[in-house]
Amino acid sequence: MIMPTVLTKRADFLAANKGLRNARAGFVLLTRPNHGAGVRYGITVTKKIGNAVVRNRMKRRFRELLRSALPERALADHDHVLIGRAGGVERDFQTMSDELAKALERAAIGRGDPARGRRPKRGTRSGNPAGKSVK
């Protein structure tokens, strides 16, 4: 049984963001090799999701999801980061557990979602009436 540890440093979260991405309706799972540091996990829920009560409820649900899934399905020597999405609080726990299992299976075979393109900065679209980019 693998005992995962918790990610606490911002640099580890930023590094995980460069890894494999598997998006689901209630969360996004990021996985990235950590070069022998063991199985680690982290949870991120932004203020866009809701107030502190909602964010903390989502984090508690994510912690329980990871505690139940990672001992059996974790990728060895990888960081696992769950990023909360707006619909994650209302979703059924069993549904989210199944989605996490599928996301971990996809990550284990090296499959992720296609890379996201960067959004253009505000004011730099071709419809800018002044024809200038805003810095």
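These are my notebook entries on a predicted model of one protein chain.

**Ground rules.** I number residues from 1 along each chain as its sequence is written, and my side-chain values use heavy atoms, leaving out hydrogens and water. Because the model is predicted, local features need pLDDT of at least 70 and side-chain atom pairs count only at pLDDT 80 or more, while totals for chains, interfaces and linings use all residues.

**Overview.** I started with the list of elements and found 3 helices and 5 strands in the chain. Helices (H or I, at least four residues) and strands (E, at least two) are DSSP runs, numbered from the N terminus. Along the sequence they follow the pattern β-α-β-β-β-α-β-α. Next I looked up burial, where buried means under 20% relative accessible area, exposed over 50%, and partly exposed in between (1.4 Å probe, protein chains only). Of the 135 residues, 36% count as buried.

**Strand β5.** Is β5 enclosed or open? I found that 6 of the 7 residues of β5 (residues 78–84) are buried, so this strand is largely enclosed by the rest of the structure. Then I checked its pairing; two strands pair if DSSP finds at least two bridges between them. Strand β3 (residues 27–33) runs antiparallel to β5, and 7 bridges join them. In that pair, R32 has D79 of β5 as its bridge partner. Strand β4 (residues 40–44) pairs with β5 in the parallel sense, over 5 bridges. Here I found G42 opposite V81 of β5.

**Helices α2 and α3.** At what angle do the axes of α2 and α3 cross? The axes of α2 (residues 52–73) and α3 (residues 93–108) cross at roughly 45° and come within 10 Å. Axes are lines fitted to C-alpha atoms, for helices over the stretch in contact, with angles from 0 to 180 degrees between N-to-C directions. The two helices are therefore oblique to each other; angles under 35 degrees count as roughly parallel, over 145 as roughly antiparallel, 65 to 115 as roughly perpendicular and the rest as oblique. For contact I use heavy atoms within 4.5 Å. Among the residues making this contact are F62, L65 and L66 of α2, with M96 and L100 of α3.

**Residue M96.** M96 is buried, with a relative accessible area of 1%. Leaving aside neighbours within four places in sequence, its contacts are F27, R61, F62, L65, G88 and R91. M96 and L65 are 31 residues apart in sequence, yet 7.9 Å apart in space, C-alpha to C-alpha.
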